[in-house]
Amino acid sequence: MTTIYENNDLATELRLGLPGTTDESKTELSNNKRSSSDLNHHDQQDSSSTSKVQIVGWPPVRSYRKNIVIQTKNSNCDISQGMYVKVSMDGAPYLRKIDLRFYKSYQELLKALENMFKHPIGIYLEKEGNTTCGSNYVLTYEDKDGDWMLVGDVPLDMFINSCKRLRIMKGCEAKGLGCI
Amino acid sequence: MASASLPEQVLKHLFSFLTSDKDRNCVSLVCKLWYEVERRCRRSVFIGNCYAVTPDIMIRRFPQLTSLTLKGKPHFADFNLVPDGWGAYVDPWIAAMSQSYPFCLEEIRLKRMVVTDESLELISTSFHNFKVLILLSCEGFTTDGLAAIAANCRNLRELDLGESEVEDLSSDWLSHFPDGCTSLVSLNISCLGSEINFSDLERLITCSPNLKTLRLSQAVPLEKLPDLLCRAPQLVEFGTGAYSSEVQSDVFSNLEEAFSGCKKLEGLSGFWDVTPAYLPAVYPVCSRLTSLNLSYATIQNPDLNKLISRCHNLQRLWVLDYIEDTGLQALAASCKDLQELRVFPSDPFGPEPNVSLTEQGLVAVSDGCPKLQTVLYFCRQMTNAALVTIARNRPNMICFRLCILEPRSPDYLTLEPLDAGFGAIVEQCKELRRLSLSGLLTDRIFEYIGAHAKKLEMLSVAFVGDSDLGLHHVLSGCESLRKLEIRDCPFGDKALLANAAKLETMRSLWMSSCSVSFGACELLSQKMPRLNIEVIDENGPPDTQSESCPVEKLYIYRTVAGPRFDMPGFVRIMNQDAAH
């Protein structure tokens, strides 16, 4: 690979190596040590898989922007419409609606519902082994298959994706669901 | 030649009309007398590279400063290319200035520097009339330091934490602001992560009648906004917190009413976690908006469109690529005053496109918005034809940064390199000052850049080029070049050594994952004593490297301060005295 420099400045250039030698030494240089990003790229070209090898610092997006994107990726819902489900409470005349996306834990969800209906609600939490308070009411939900389940068994993400509606059930009726 | 020199007082008065640094620097070069007069009455100094000069040199020359702006780490630090601990410590500057400028220094603006709580405390107690603290993309401090600023700076006007990384130790630092009226004009705490004490915030806002800019953090929920806005209806710039809540009509109408009450509002930002149903609450202010930052808002069309099409006076829009081509077409139709557009990727690491945003969107905006001059655009495909069209439409372009997500992507229709397209940009846009390249590009684009981009000041280059000829074209042709940052390009020793003198006319050069050898760095440092040549290598102590080994990262900058001594083990500054 020969390159011709038209600019006269290069005639007086400083270079490594003896006068009269060409650029072959340069290819040797780049073979001695490959940067990690070069390696990444070559891996990409060699492998037939579609998974990408992430290059450090690419694309040039600041880290706080990347984090925001990742959070929203986890929700499988149509982003513009939220994940509103109906909530009913035995004995209450009106139903309410809440957006399930914004709760990071079952505790948060429960607190929101307790606020909404102004009544303590029990929830079955595996760690505690029983309902959290002496409340008569228990939180249940209808899943994709149409079955009524006790809230708290599965990881929150899984629950959010399968929950179609919520029902705050009187304790005596919830017995059929077990655990109490 | 004897010249009748004007009395010093007259000179001082004349110089007081010169506000630009460039003009004052020129004036200093006229003669010794002018140099002396000018330096004693200079009030504001901008230092683009904190290692180009020392605090002592600055203080010796300028005995009375009101304002200092300092920049630290190189730009690529934003993308984690500069390892932690590299440097850019502000402490020595604050320490020196606290001794020399206690009664005059009022403003400190920092970018990409490491700031400690000790420094913040020292600032708060040393400078008697301290007014402005701006910390952009800084790190190293906690809310304790902020508490000191709040408590001690009685005349504080601006506190802007930019996009800094702040360790949240306590939510009550806001309570340290004094009781009674404050002189706050601008408060930006959008980068803070933890809980905020709302009563402190409310009190502060109520007691700051001059507040024009308020940018809240994500922790401030939507329900709090009506109350806060009603306390500050004079706001010109406002940044919301998390813009989400269960949809309730009373909350909505309160919010809408609060926004309606802000008759001077021109800029909006924030909008994390948007509940689309609440967007119409800002409709009352849309027609007055000149600046809108929706770059955290995961809203899509039609909600996005409905909002933007109401903002007929928009000059600056930052948005995620959820806007898609259709949204950009609508933008082009509605916002004829648009000057700046930034489109960020919602899913930068996804292998497949998740949105329909292509080169067409940018072409549409370039066509419809005659004042468009600043562009940052992330997309997945580009063509030479599109770039040529954009260049033809917008010869007034000043800043053009295009990031095609997949490195080395060619013109997706012709599969050719994008040399012709980017070439058109530099040829047509004669006022171009900043350019970022991406996609498949050969040495040819650099030939065009060297030939045409005479006003180019900053060039960012990644995964492009064929050989040293590319770098040589840029270094030898771009007369106005100040900053050059390069990563993963096949540029090596030849061009660098041939253009050594050029490097002293620039602020800095960054090269990482290129082919510059350690030996060339040594040679360069011997030839150019007024450059600091920093070899950054996390893989091992630089001493073990042989001459021909390529360096991992290279940062070269001109300096009158000589080599620095605060660098970590993985940074070595080539010593011009090194015998070889």
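B:Trp318 and B:Phe344 are both buried in this predicted model. Across all chains, the structure holds 22 aromatic pairs. In the pair formed by B:Trp318 and B:Phe344, the ring centres are 5.9 Å apart and the planes stand at 55°, so the pair is classed as tilted. This pair ties together parts that are 26 residues apart in sequence, because B:Trp318 belongs to strand S13 (residues 316–320) of chain B and B:Phe344 to strand S14 (residues 340–344) of chain B.

**Aromatic rings**

- A pair of aromatic rings is described by two values, the distance of the centres and the angle of the planes.
- One aromatic cluster is formed by B:Tyr51, B:Phe76, B:Phe79, B:Trp86, B:Trp510, B:Tyr555 and B:Tyr557.

**Charges over rings**

- The ring of B:Phe344 has the charged end of A:Arg65 sitting over it, 3.8 Å from the ring centre.
- The face of B:Tyr283 has B:Arg310 lying over it, at 3.7 Å from the ring centre.

**Helix packing in chain B**

- Two packed helices are described by the angle between their axes and the distance between the axes.
- Helix H2 (residues 21–28) of chain B packs with helix H3 (residues 32–41) of chain B at an angle of about 145°, and their axes are 8 Å apart.
- From H2(B), the residues B:Arg24, B:Val27 and B:Ser28 meet B:Trp34, B:Tyr35, B:Glu38 and B:Cys41 of H3(B).
- Sorted by class, the contact of H2(B) with H3(B) comprises 4 nonpolar, 1 polar and 2 charged residues.

How values were computed. Residues numbered from 1 in each chain as written. Chains lettered and ligands numbered in written order. Predicted model: local features only at pLDDT ≥ 70, side-chain atom pairs only at ≥ 80, totals over all residues. Heavy atoms only, no water. Phe/Tyr/Trp six-rings, centres within 6.5 Å; stacked < 30°, edge-to-face > 60°. Helix = DSSP H or I, 4+ residues; strand = E, 2+ residues; numbered from the N terminus. Buried < 20%, exposed > 50% of the residue type's maximum accessible area, 1.4 Å probe, protein only. Lys NZ or Arg CZ within 6 Å of the ring centre and 35° of its normal. Axes fitted to C-alpha atoms, helices over the stretch in contact; angles between N-to-C directions. Contact = heavy atoms within 4.5 Å. Nonpolar A, V, L, I, M, F, W, Y, C, P; charged D, E, K, R; others polar.
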